[in-house]
Amino acid sequence: MSRLIRGGRVVTATDAFDADVLIEGESIAAIGTGLSADEEIDASGCLVLPGLVDNHTHLSMPFGGTWSCDDYDTGTAAAAAGGTTCIVDFIIQYVGGSLKDAREEWHGRADGAAHIDYGFHMAITDAQPNVIAEMGDCVEQGITSFKVFMAYKGALMVDDEQFLAVLEETGKTGGLVMVHCENGDAVVRYQKEAMAAGNTSPKYHAWSRPPEVEGEATGRAIRLAEWTKRPLFVVHVTCEESVNEIRAARDRGLPIFGETCIQYLYLTVDDLDRPDFEGAKYVCSPPLREEKNQAVLYQALRQGALQGISTDHCPFNFKEQKELGLGDFTKIPNGLPAIEHRLTLLYDRSVRAGHMSVVDLVRHGSWGPARIFGLDKKGALAPGFDADVVVFDPDVKHTISASTHVMNVDYDPFEGWEVQGKPRFVLSRGETVYADGKVVSEPGRGRFVKRSIFEPAVAS
Ligand SMILES: [Zn+2]
């Protein structure tokens, strides 16, 4: 069957122009005028965008004795409702466990549950030689990126010896190393200091992880990548200290890449100081920063020092989950729900506010992540690409609320925000998954995507 998205303004990573989009089966067949099809979708007055790619999500993720509360059904339904048509989620190796076991466990949760297509990164938390030897299998199976944590000491953190082993192995197997940059030893020291002084409330989460802790780890990670002659992707960059390290590395010609997340563009450290423990709703790592960093992040995106904007979606209910940290901020599960709101917030608070163009939105929210993470048929409106398309109404006004969002979490960090712009239709491989305010797809239609290897020769 063929479908024609008629009368909209097509936005790509380089241009915006009036045209129709012809879909044959699961793929885009043509962009142009004078086209016809079996069925038409009215896009008049709308922007027509490639579906967004979210390369940083944590669905059904174990953390601190609990689990993130969106699973692959509810989380991908929320993504679809927000115009995201492909995610790359993190498999987490258990300390002492194999990558194969972790892979099977995560596939078991995701396969048959997702509404949209998904890939996996492999997070290595215990880089013993037998685990390093498994990395090649991951790459063969289309899991072509590996994440290490320089924080969460005693849980997810690797030391520099293990980090180097992971980097070096990708020199043989191919694949991109991603890194969470915070100095885990420093964090533990500051956490102890705060707790000993009786400073137990959520705002001390941010106090114990200052920008210097992120900047130091970013610089160290880049040095390790440089020594091993490997590319590196720095996840969730929040502050000037970290941006400066990435920019300096790229100025030296190194293939260092990075992203920020929407919460760092719109929320600030002041949100952690909300009364009645509500600051816990804003606890994520690295923490939200002072507002002055937002201009730095926008500048880094404009100048190409950062290439993507993801969500790091990792939701925990306020009741019973965030509340685990009452009286001890170190026990608050880390993460925010955001998977549903990226497109609308980027449009309303970044494009309409004059920080970026809608072309930039597509480049940072879809095309760039798709290219870096080897999603060869995602992130572009062009013949042969998957027909993952958002018909976005830029004029509709609405209010964000936990009472109406699709995410399976009992609060919304953007509660009460009045915003403009919302998807009207969302298509995944040619099939409508969201229309007129409702998710209309069945769980299990989304497919696992094997990703190709991205090997940057030089910083681009
Ligand atoms: Zn994350």
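Visitor: Let's start with Asp276: is it buried or exposed?
Guide: This is a predicted model, where local features need pLDDT of at least 70, side-chain atom pairs count only at pLDDT 80 or more, and totals for chains, interfaces and linings use all residues. Residues are numbered from 1 along each chain as its sequence is written, and side-chain values use heavy atoms, with hydrogens and water left out. Buried means under 20% relative accessible area, exposed means over 50%, and partly exposed is in between (1.4 Å probe, protein chains only). With a relative accessible area of 70%, Asp276 is therefore exposed.

Visitor: What about Phe277, buried or exposed?
Guide: Phe277 sits in the loop between H10 and H11, and Asp276 is found in that loop too. Phe277 has a relative accessible area of 13%, so it counts as buried.

Visitor: What is the phi of Phe277?
Guide: Most residues other than glycine have a negative phi. Asp276 isn't a glycine, yet has a positive phi of about 60°. Phe277 isn't a glycine either, and its phi is positive at about 65°.

Visitor: Which peptide bond is cis, with omega near -10°?
Guide: Most peptide bonds are trans. For this one, look at Pro286 in the loop between helix H10 (262–266) and H11. The cis bond runs from Ser285 to Pro286.

Visitor: Which residues are the protein donors of the zinc ion?
Guide: Donors are N, O and S atoms within 2.8 Å of the metal (3.2 Å for Na, K and Ca); water is not among the atoms, so sites may look incomplete. The spacing along the chain is H-x1-H-x253-D. His58, in the loop between strands E6 (52–57) and E7 (62–63), and Asp312, in the loop between strand E15 (308–310) and helix H12 (342–351), are 254 residues apart. Lying 2.1 to 2.2 Å from the zinc, the donors are His56 (NE2), His58 (NE2) and Asp312 (OD).

Visitor: How are H9 and H11 oriented to each other?
Guide: Helices (H or I, at least four residues) and strands (E, at least two) are DSSP runs, numbered from the N terminus. Axes are lines fitted to C-alpha atoms, for helices over the stretch in contact, and angles run from 0 to 180 degrees between N-to-C directions; under 35 degrees counts as roughly parallel, over 145 as roughly antiparallel, 65 to 115 as roughly perpendicular, and the rest as oblique. H9 (residues 240–251) and H11 (residues 292–303) pack at about 20°, with axes 9 Å apart. That is why the two count as roughly parallel.

Visitor: And how are H12 and H13 oriented?
Guide: H12 and H13 (residues 358–372) pack with their axes 10 Å apart. Their angle is about 140°. H12 and H13 are therefore oblique.

Visitor: Which residues of H13 meet H12?
Guide: Contact means heavy atoms within 4.5 Å. On the H12 side are Arg342, Leu343, Leu346, Tyr347 and Val351. Their partners in H13 are Val358, Leu361 and Gly365.
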